[in-house]
Amino acid sequence: MNFNIAVIPGDGIGPEIVREARKVLDKVASVYGHTFNYTEVLMGGVSIDACGVPLSDEALETAKKSDAVLLGAVGGKVGVDKWYELPPNLRPEAGLLAIRKGLGLFANLRPAYLYNELKGACPLKEEVADKGFDMIIVRELTGGLYFGARKTEEVDGVMTATDTLTYNENEIRRIAIKAFEIAMKRRKNVISVDKANVLDSSRLWKKVVTEVSKDYPEVTLSHMLVDNCAMQLVKDPAQFDVVLTENMFGDILSDEASMITGSIGMLSSASLGSGSLGLYEPSHGSAPDIAGTNKANPIATILSASMMLRYSFNLDKEADAVDNAVREVIADGIRTIDLMSDGMKLVSCTEMGDEIANRIK
């Protein structure tokens with residue numbers, strides 16, 4: 001099969017980690033008989049330097065015409081890079097917001113997986129970490145409190161700020177469908193997180209999610225209040241498979257989930273829309289301090305490419321092959337410097353890409 005991928009190396013370590021993800025994808029293509037066509041797109045600081053804006057109209061059009069977008073990282077060091085002397089809407093990170101909006105991406109996927117060999121980095125109690133966990137948080141990305149009407153005004157002599165939390169049933173239904181579709185590729189369990197004991201928006205959320213669940217009889221649905229979910233993530237993370245929630249709750253819970261894995265350098269992410277087109281990127285930043293040193297950990301980007309295979313291309317076997325190759329590398333004690341410990345083998349960013357690609361057979 002042939003697929004067109006818009007590749008955004010971006011800034012900092014972005015070009016290095018994207019190079020290794022492409023290496024792994026090329027090995028997948030060779031082994032499984034696919035063709036991946038890459039078109040490089042400028043975004044972030046490099047786009048500001050070349051085009052004067054963090055994302056040009058031409059770059060966005062290229063992304064729209066692709067089957068998926070693979071992103072490294074954007075941004076630099078505040079106070080050092082000249083990009084941060086610009087207005088906020090012209091800074092590198094504005095390109096990310098623009099491409100999400102331009103591609104109509106409303107679902108953010110953040111997996112959190114604890115590798116047995118890395119459980120020593122997990123901050124949870126040993127008996128909790130020993131059980132392991134493998135979850136994915138499906139967060140609504142374009143609605144809720146972050147996108148509602150807001151104002152700050154003086155009321156009866158007192159400065160008063162108002163933020164509006166709004167969801168309609170269509171916004172809820174489309175993200176719920178995404179979560180149930182993802183659950184069908186996993187362990188078929190969805191926990192929907194809300195605050196239905198207080199918020200009208202959460203009561204509508206719960207109602208619509210329950211309606212959607214009837215179309216997926218193989219998937220088990222349960223509901224959990226957000227404060228309880230925050231506690232359960234540190235008490236018993238093994239219980240979670242697919243966590244479905246709204247924008248602000250998802251923002252907070254996905255960061256909590258990332259911390260209990262012990263290493264942000266291992267965390268992939270995806271943003272999806274109504275079709276198969278998605279944006280895939282590591283959860284970490286551009287790490288300008290180590291850019292160009294070949295020390296970056298490319299695993300999060302490689303796992304993001306695996307998500308692309310699974311969710312945009314529907315190539316589950318190929319995605320499994322990449323995931324298994326990463327597990328084998330970790331099990332074999334191969335580490336980049338961020339994961340290094342006594343008795344392990346230290347490798348560069350390039351060597352880590354080689355090790356993973358060589359295990360795809």
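Does aspartate 323 count as buried or exposed, and at what relative accessibility?

Modeller: Aspartate 323 counts as buried, at 15% relative accessibility (buried means under 20% relative accessible area, exposed over 50%, partly exposed in between, with a 1.4 Å probe and protein chains only). The model is predicted, so local features need pLDDT of at least 70 and side-chain atom pairs count only at pLDDT 80 or more, while totals for chains, interfaces and linings use all residues. Residues are numbered from 1 along each chain as its sequence is written, and side-chain values use heavy atoms, without hydrogens or water.

The partner of aspartate 323 is arginine 310, with which it forms a salt bridge whose closest N and O atoms are 3.1 Å apart (a side-chain nitrogen of Lys or Arg within 4 Å of a carboxyl oxygen of Asp or Glu). Because arginine 310 lies in helix 10 and aspartate 323 in helix 11 (residues 316-331), the pair ties together parts that are 13 residues apart in sequence; helices (H or I, at least four residues) and strands (E, at least two) are DSSP runs, numbered from the N terminus. Arginine 310 is itself buried, with a relative accessible area of 13%.

Further along, aspartate 332 and arginine 359 meet through their side chains in a salt bridge of 2.9 Å, N to O. Aspartate 332 sits in the loop between helix 11 and strand 13 (334-335), and arginine 359 in the segment after helix 12 (349-358), 27 residues apart. Aspartate 332 counts as partly exposed, at 48% relative accessibility. Returning to your residue, Asp323 belongs to one network with Lys185, Arg310, Asp316 and Asp320, joined by salt bridges that share partners.
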